[in-house]
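Reader: Please take a close look at one part of this model, the contact between its two chains. I would like the residues and helices named, with the setting around them.

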Amino acid sequence: MAIFRVLATRLVYATALLLAVLVLNFTLIHLAPGDVADTIAQSMGGADAEILAQIRADYGLDQPFLLQLGAYMSRVLQFDLGYSYFYAMPVTDLILQRLPATLLLVFTAQFLAMIIGVVLGVISARRPNGAMSHFVTFFALFGYSAPVFWTGILLLIGFSLKIQWFPVAGMRDVTVIGGVWTHFWDVLRHLVLPVVTLSSIFIALYSRLSRATMMETLSSDYVRTAKSKGLSQYSVVYKHALKNALSPVITLAGLQFSAVVSGAVLVETVFAWPGLGTLAFQSIIARDTPTILGILFFSALMVIIGNLLTDFALRLVDPRIRGKQ
Amino acid sequence: MKKTNFTPTPEARSPILEAWQMFRQNYAAMAGLIILSLIVLGAIFGPYLYPGQPFEMVWAPFSRPGVDGFILGTDYLGRDLLAQIIHGSRVTLIIGLSAAVVTVLIGVSIGALAGFYRGAIEEALMRFTEFFQVLPTLLFSMVIVALFGASLPMITLAIGLVSWTAVARITRSEFLRIRELEYVMASRASGASSMKLMFKVMLPNALPPIIVQSALMVGSAILFEAGLSFLGLTDPNVTSWGQIIGSNRQYILESSFTVTIPGLAIFITVLAISLVGDGLNDALNPKLRQR
């Protein structure tokens with residue numbers, strides 16, 4: 001089966017990429033000025049030379065660089081990302097605690113942006129000079145140009161402070177008591193503003209691209225044939241043309257995964273969303289290197305998985321690339 | 001997109017003039033260019049014309065715009081917001097521009113080498129590019145800035161290091177197209193060195209899409225810098241628009257204008273740059289010109 005061979009090569013390649021990410025990050029942090037032992041000592045309220053040496057020995061900081069790197073890599077391969085100085089708990093546990101919130105935000109935003117972007121693009125491509133088309137162009141420019149944290153703050157002021165429709169911050173309301181559905185509803189209410197904020201950038205990107213490709217597809221020969229066969233407008237646009245216009249959008253969406261994760265960091269900060277972004281921010285300020293490395297690792301993992309998913313979505317939509325490597 | 005009726009005049013033969021004529025007829029792009037010129041002029045001359053100092057406490061905090069004689073009001077420490085915006089525009093624009101330059105330098109070199117040499121070199125360079133595409137851009141540059149110091153050159157470098165991949169991809173695909181053209185083969189046959197072929201013969205023809213991308217890069221570098229300084233990862237001794245938002249953010253319950261106004265400044269600047277970039281794209285893209 002070709003598909004399994006493709007899957008296998010992809011997985012091998014993804015693993016190699018991840019290992020390279022690990023090496024780069026570890027080297028980078030090692031090159032940074034400042035002493036990790038100092039940072040740890042500081043969080044204990046200071047220490048003398050003897051204790052500093054003890055810390056270095058405990059964390060393996062007195063070893064040569066390559067040995068430290070090797071030790072780190074072999075620990076990561078056993079799913080052990082080290083121990084956080086700042087949070088005083090294993091980094092893997094810390095990240096797994098925060099990961100679901102970020103995954104919820106990132107994937108909901110990306111999914112929503114693709115659907116809304118494509119729908120807007122298709123509508124405006126059918127009437128390139130209509131009101132909807134101008135709205136899409138305008139909205140796309142807004143999404144490109146507005147800093148995402150500013151959009152978030154504007155929505156926060158508008159829809160949580162002035163009109164109190166949505167909660168100001170966080171993912172859950174601790175005072176909410178009830179069954180699964182009550183909690184689901186609670187998280188959903190918290191999710192609305194962050195997701196709208198994050199997806200606004202990407203709705204802009206996807207709607208613009210799908211408008212362009214859809215316009216091109218609608219003027220192609222096979223669409224004219226479909227029309228002249230007497231197929232309904234709906235069937236021509238949504239069954240025949242859309243499938244072809246979709247693959248560039250999916251390709252772009254795959255390339256955007258790292259931007260979505262980046263945007264999530266800012267959005268999480270604005271809305272105090274308890275995900276990896278806020279954790280990253282706090283651990284970078286606290287110079288908590290094991291946590292920083294762990295987050296960089298997990299976010300690269302997220303991007304790679306996002307890319308793999310995109311690849312499969314592309315194969316589903318576009319039969320022409322199914323056979324290719 | 002509006003259709004422009006472009007008829008080449010006999011005196012406009014140079015490609016730059018031709019592109020400018022095309023550009024001039026695009027209202028949105030011209031509006032962007034005018035707004036952008038005003039912002040740049042404001043950044044250059046503003047600090048001399050407006051007496052306020054960005055770090056000086058002049059009044060009670062959160063004075064609303066226009067109420068106590070401060071056009072844009074005062075921030076959470078009672079500093080003149082207009083003075084901060086004027087002085088901040090310099091940092092914002094300089095970082096935007098220089099980060100775009102870094103981006104283009106890295107991207108064009110890697111893309112040109114990959115598209116020129118093909119084979120193993122191309123493979124290796126494109127793998128390298130993909131590797132940088134996987135890195136979560138903002139997180140990675142946050143780490144660089146936090147660990148290596150939040151100086152302006154370091155921030156510029158951090159932004160440039162994570163944003164060059166798009167330029168590299170575009171440059172490579174342009175080079176792949178151009179290398180098969182007859183004029184390149186001709187100068188190859190007449191013994192031009194690889195360096196000359198790459199940068200003197202091929203690069204000028206690859207420039208139009210690179211120019212468009214670099215224009216847009218300035219905008220995204222400004223957004224990037226704003227994001228970093230919003231998070232507090234910025235040089236505390238200089239004011240930038242993102243940093244004004246970041247430091248006033250906790251007080252949006254008391255007053256929101258200290259956050260919305262600098263955000264508006266970023267938005268208008270990046271919008272103007274995007275409009276100019278779109279206009280450049282229409283003016284420089286030969287495919288559209290034939291229509």
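Author: A residue counts as buried if 20 or more other C-beta atoms lie within 10 Å of its own, as exposed if 12 or fewer do, and as partly exposed in between. By that rule A272(A), with 14 other C-beta atoms within 10 Å, is partly exposed. The model is a predicted one.

A272(A) sits in the loop that links α11 (257-271) to α12 (276-285) of chain A. Its phi is near 50 degrees, a positive value in a residue that is not glycine. Most residues other than glycine have a negative phi. A88(A) also has a phi near 50 degrees, again positive in a residue other than glycine. The place of A88(A) is the loop between α4 (65-77) and α5 (91-126) of chain A. A88(A) has 9 other C-beta atoms within 10 Å, so it is exposed.

Chain A itself is built from 13 helices and zero strands. Its C-alpha trace spans about 85 × 55 × 40 Å along the principal axes. Of the 325 residues in chain A, 37% are buried. Taking the contacts in chain A between residues at least 6 apart in sequence, 73% join residues at least 24 apart.

Now the contact between the chains. On one side are 34 residues of chain A, on the other 32 residues of chain B. The elements of chain B that give two or more residues to its side are α4 (119-134), α5 (137-148), α9 (194-230) and α11 (257-284). The largest share comes from α5(B), with nine residues. By residue type, the chain B side divides into 23 nonpolar, eight polar and one charged.

The axes of α11(A) and α5(B) come within 6 Å and cross at roughly 60 degrees. That angle makes α11(A) oblique to α5(B). From α11(A), the residues S258(A), A259(A), S262(A) and V265(A) meet T137(B), L138(B) and L139(B) of α5(B). The residues of this helix contact comprise four nonpolar, three polar and no charged.

M142(B) leads on to the nonpolar core. The largest nonpolar core has 145 residues, and those with the most contacts inside it are Y206(A) and M142(B). Leaving aside residues up to four places away in sequence, M142(B) touches A280(A) and I284(A) in one chain and L228(B), L231(B) and L233(B) in the other.

In α10 (residues 241-248) of chain B, eight of the eight residues are buried, so the helix is largely enclosed by the rest of the structure. These buried residues are W241(B), G242(B), Q243(B), I244(B), I245(B), G246(B), S247(B) and N248(B). What covers them includes α7 (148-162) of chain A, together with α3 (81-117), α9 and α11 of chain B.

To return to the opening request, the chain B side of the contact takes its largest share from α5(B), and the residues α5(B) brings to α11(A) are T137(B), L138(B) and L139(B).

Methods:
Residues are numbered from 1 along each chain as its sequence is written. Chains are lettered from A and ligands numbered from 1 in the order in which they are written. This is a predicted model: local features need pLDDT of at least 70, side-chain atom pairs count only at pLDDT 80 or more; totals for chains, interfaces and linings use all residues. Helices (H or I, at least four residues) and strands (E, at least two) are DSSP runs, numbered from the N terminus. Two residues are in contact if their C-beta atoms, placed from the backbone, lie within 7 Å. Ala, Val, Leu, Ile, Met, Phe, Trp, Tyr, Cys and Pro count as nonpolar, Asp, Glu, Lys and Arg as charged, and the others, Gly among them, as polar. A nonpolar core is a set of buried Ala, Val, Leu, Ile, Met, Phe, Trp, Tyr and Cys residues joined through C-beta atoms within 7 Å. Axes are lines fitted to C-alpha atoms, for helices over the stretch in contact, and angles run from 0 to 180 degrees between N-to-C directions. Angles under 35 degrees count as roughly parallel, over 145 as roughly antiparallel, 65 to 115 as roughly perpendicular and the rest as oblique.
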